[in-house]
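Please open the model in your viewer and keep the selection tool at hand. The stops below go from one place to the next, saying at each what to select and what is there.

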Amino acid sequence: MGTNVSLEDKFQAYVDAENRVEPKDWMPEKYRKTLIRQISQHAHSEIIGMQPEANWITRAPSLRAKLILLAKVQDEAGHGLYLYSAAETLGEPREKMIADLQSGKAKYSSIFNYPTPSWADMGTIGWLVDGAAIQNQVMLTRTSYGPYARAMVKICKEESFHQRQGYEVVMKLAQGTPEQKAMAQESLNRWWWPSLMMFGPSDDNSPNSEQSMKWKIKRKSNDTLRQEFVDKTVPQAEYLGLTIPDADLKWNEERGHYDFGEINWAEFYEVIKGNGPCNKERIAHHVKAHEEGAWVREAANAYAKKQADRASNDASAA
């Protein structure tokens with residue numbers, strides 16, 4: 001007598017064999033919902049992440065710096081659109097994702113709830129925040145869901161440019177006047193710990209990681225990615241002559257990694273709950289921009305309908 005194999009077991013075997021899941025393939029409902037949560041959160045992060053940098057477009061110190069920053073913010077808008085489109089292939093309407101963001105039901109990366117009071121922050125965000133994003137996202141080019149993986153290939157290429165741009169800004173400041181170097185150090189002091197928080201809760205407190213890794217949505221755990229980021233970033237800071245703000249940071253010869261201090265998880269969870277320095281400001285700005293842009297969406301839809309009707313009439317006439 002043959003053994004009955006459940007759809008879930010067949011799906012797991014399919015994923016274990018490194019096959020890509022496509023929108024029309026059967027998938028467990030929990031897999032679909034996990035992807036919607038992760039991809040939409042990623043999309044929200046790209047869109048909200050435009051705000052702290054757009055704050056400096058009109059105040060960039062040179063035309064070159066302004067052009068680069070404009071290009072970067074434009075890239076992030078595109079990333080959000082790619083990711084919303086990927087989530088839509090799972091049956092989630094974009095309108096619902098945006099409504100969930102604005103209501104607070106959906107989350108985005110905690111890092112974007114911190115202010116950017118100095119030009120040095122434009123460099124530090126590129127260096128650390130985009131660096132952390134690349135660390136997290138390169139593995140997503142091999143995620144098990146096809147549309148997400150394909151979107152991440154282009155996104156990662158552009159994020160690499162963003163990191164190089166940020167590191168260049170910080171390098172110029174670090175090699176400049178004492179006041180400029182102090183500005184770079186002060187920015188690093190503020191962004192270091194929130195950057196480590198970007199990888200999410202520790203593995204012991206991450207309820208979704210184990211299943212996501214089993215389904216190959218994720219390829220590495222939060223703590224593994226965080227450690228890799230620290231190991232790569234410390235030498236970069238040393239080259240710049242800047243000091244990582246962590247008294248416990250030291251090389252562990254036995255482990256072959258840097259040991260680092262305890263993250264302030266209380267702060268992380270407060271920001272996630274909506275109590276960070278800029279949570280309310282970020283969402284209020286998004287709501288305002290969304291409402292003021294309603295006429296653009298209506299015009300685009302009307303034009304699309306007009307074009308579709310014209311094509312239909314032409315086909316009928318033929």
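Is glutamine 165 buried or exposed? Select glutamine 165: because its relative accessibility is 6%, it counts as buried, where buried means under 20% relative accessible area, exposed over 50%, and partly exposed in between, computed with a 1.4 Å probe on protein chains only. Glutamine 165 has its place in helix α7, residues 146-174; helices (H or I, at least four residues) and strands (E, at least two) are DSSP runs numbered from the N terminus. Leaving aside neighbours within four places in sequence, glutamine 165 is in contact with Ile68, Lys72 and Met122, contact meaning heavy atoms within 4.5 Å.

Before moving on, please note that this is a predicted model, in which local features need pLDDT of at least 70 and side-chain atom pairs count only at pLDDT 80 or more, while totals for chains, interfaces and linings use all residues. Residues are numbered from 1 along each chain as its sequence is written, and side-chain values use heavy atoms, with hydrogens and water left out.

Next, colour the two domains, 7-263 for domain 1 and 277-317 for domain 2, bounds that come from an automatic or database domain assignment. Their C-alpha centres lie 28 Å apart, and twelve residues of domain 1 are in contact with ten residues of domain 2. Between them the two domains bury about 1000 Å², 60% of it on carbon and sulfur atoms; buried area is the accessible area (1.4 Å probe) that two parts lose on being put together, summed over both. On the side of domain 1, select Gln51, Gln102 and Asn113, which lose the most area to domain 2 and together make up 54% of what that side buries.

Across this interface the rule finds zero salt bridges, a salt bridge being a side-chain nitrogen of Lys or Arg within 4 Å of a carboxyl oxygen of Asp or Glu. Helices α2 (29-48), α3 (50-54) and α5 (94-103) each supply at least two residues of the side of domain 1 that touches domain 2, and α5 gives the most, with three residues.

Although that interface has zero salt bridges, the structure holds 20. Select glutamate 18, in the loop between α1 (7-16) and α2, and lysine 216, in the loop between α9 (209-214) and α10; together with Arg219, they are linked in a network of salt bridges. Glutamate 18 has a positive phi of about 65° although it is not a glycine, and lysine 216 likewise has a positive phi of about 65° without being a glycine. Glutamate 18 counts as partly exposed because its relative accessibility is 45%, whereas lysine 216, at 17%, counts as buried.

Now go to leucine 249, in the loop between α10 (222-240) and β1 (250-252). Its C-alpha atom is separated by 4.3 Å from that of phenylalanine 260, eleven residues apart along the chain. Not counting residues up to four places away in sequence, leucine 249 touches several residues, among them Val230, Ile244 and Asp259. Aspartate 259 in turn meets arginine 255 in a salt bridge between side chains (2.8 Å, N to O); aspartate 259 counts as buried at 18% relative accessibility, and arginine 255 as partly exposed at 39%.

For the last stop, select helix α12, residues 279-292, where glutamate 292 and lysine 288 lie four residues apart, about one turn of the helix. Glutamate 292 forms a salt bridge with lysine 288, the closest N and O atoms being 2.9 Å apart.
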